[in-house]
Amino acid sequence: MKIKKLIIRQPDDMHVHFRSGLMLQNVVPFTAHIFGRAVAMGNLPVPITTLETARAYRKEIKDISPKSFNPIMSAMMTKDITPEKIRKLHKAGVKVLKLIPASTSTNSSEGIALNELRNYLPVLETVKKAGMIFSIHAELIHNPKTGKEIPEIQREEMAIPFLGHLVSKASGLKIVVEHASTRKIIEFVKKAPWNVAATLTTHHALVNYGDVFDSQGRILNPFLYCKPVAKTADDQEAVIEVMTSDNPKFFFGSDSAPHLIWKKNSDEPPAGIFTAPVVLSLLCKIFEREKKLERLENFVSRFGAEFYGLPLNKGKITLERGEWLVPEEFEGVKIFKGEEILQWQVV
Ligand code: DOR
Ligand code: ZN
Ligand code: ZN
């Protein structure tokens, strides 16, 4: 018999992009009305790097959210970061230091490169002592030996040696490998010590390289183009396997990343998929298909909070089986799985 209703502890989204201004006002409600908390990534056009900008950004999010919603604030790791700045950010309530290396993705131009991380060990030591999280977009853009640009599909696995080095040098630092998208990096995280975990997105469980690119490597569908790019069918399978495996090192971070349709339709579409309106429905579908629906709650509501050292949310949410048509777009942003009929709904 098929389950009709699922009640779970209120979930957290450990990785989301809200942007700012009008876009923020449009997208925040999709997250804030369902999730208890969400890690708000600070890769704005002017990245969040100071306590003043972090506070102002938190207020901007809080102002349009229900009281029950608590954004978890991040600051971006750029060249001018110092231990002193980390201490100030921590005092201002910032929980996450986020690294998006330069050229890897949207608004990342100031991010330090993976091969420069070794010069920032005192900063990372301060992050550890403050009980903060080091969140990393693990992609290597240039081969340090040849200087050549690395093809997008190889960038994540090429980052693994740098992660290995980081893990050995910064022992005990809580590291989140964001949006793990290859079997190799998932294996790396599984074998790494307790202080290394990973977020998983819904889109990396549902999309593979062939859905996004043609045989020449040109972007076929800009609305499925994200960073890290979707990988092979085997990598996709690895994401699904570990997502439904009840392994506390792997938890939910949607990486929902809205971009306007007209920008997506340009010659150089920005990377990012707006998934916030459909993530829970899609997770139900994935977990149900794998006959692991009873593990969904740990993945979305427990493991992330536990790794971050936060209390579990007290509230509950209800998911009901029932068909609904996903709108194609919202305020100029295409919704992932738009115009498709999904089977689960948050009520
Ligand atoms: O696809 C992505 N979009 N990946 C990221 O790492 C950043 C994000 C964005 O901000 O658009
Ligand atoms: Zn990222
Ligand atoms: Zn992201």
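Predicted model: local features only at pLDDT ≥ 70, side-chain atom pairs only at ≥ 80, totals over all residues.

Reader: Why is the pair of Phe-251 and Phe-307 called tilted?

Author: The centres are 5.9 Å apart and the planes make an angle of 35°. Stacked needs under 30 degrees and edge-to-face needs over 60, so an angle of 35° falls in the rest, which is tilted.

Reader: What makes this pair a tie between parts that are apart in sequence?

Author: Phe-251 belongs to strand β9 (residues 250-252) and Phe-307 to helix α12 (residues 296-308), so the pair links parts 56 residues apart in sequence.

Reader: Are Phe-251 and Phe-307 buried or exposed, and how do you know?

Author: Buried means under 20% relative accessible area. Phe-251 has 0% relative accessibility, so Phe-251 counts as buried. Phe-307 has 10%, so Phe-307 counts as buried too.

Reader: What about Phe-252 and Phe-299?

Author: They form a tilted pair, 6.0 Å centre to centre with 55° between the planes. Phe-252 lies in strand β9 and Phe-299 in helix α12, so this pair ties together parts 47 residues apart in sequence.

Reader: How do you know that the charged end of Lys-174 sits over the ring of Phe-307?

Author: The distance test asks for NZ within 6 Å of the ring centre, along with a limit of 35 degrees from the ring normal. The charged end of Lys-174 is 5.6 Å from the centre of the Phe-307 ring and is listed as sitting over it.

Conventions:
Residues numbered from 1 in each chain as written. Chains lettered and ligands numbered in written order. Heavy atoms only, no water. Phe/Tyr/Trp six-rings, centres within 6.5 Å; stacked < 30°, edge-to-face > 60°. Helix = DSSP H or I, 4+ residues; strand = E, 2+ residues; numbered from the N terminus. Buried < 20%, exposed > 50% of the residue type's maximum accessible area, 1.4 Å probe, protein only.
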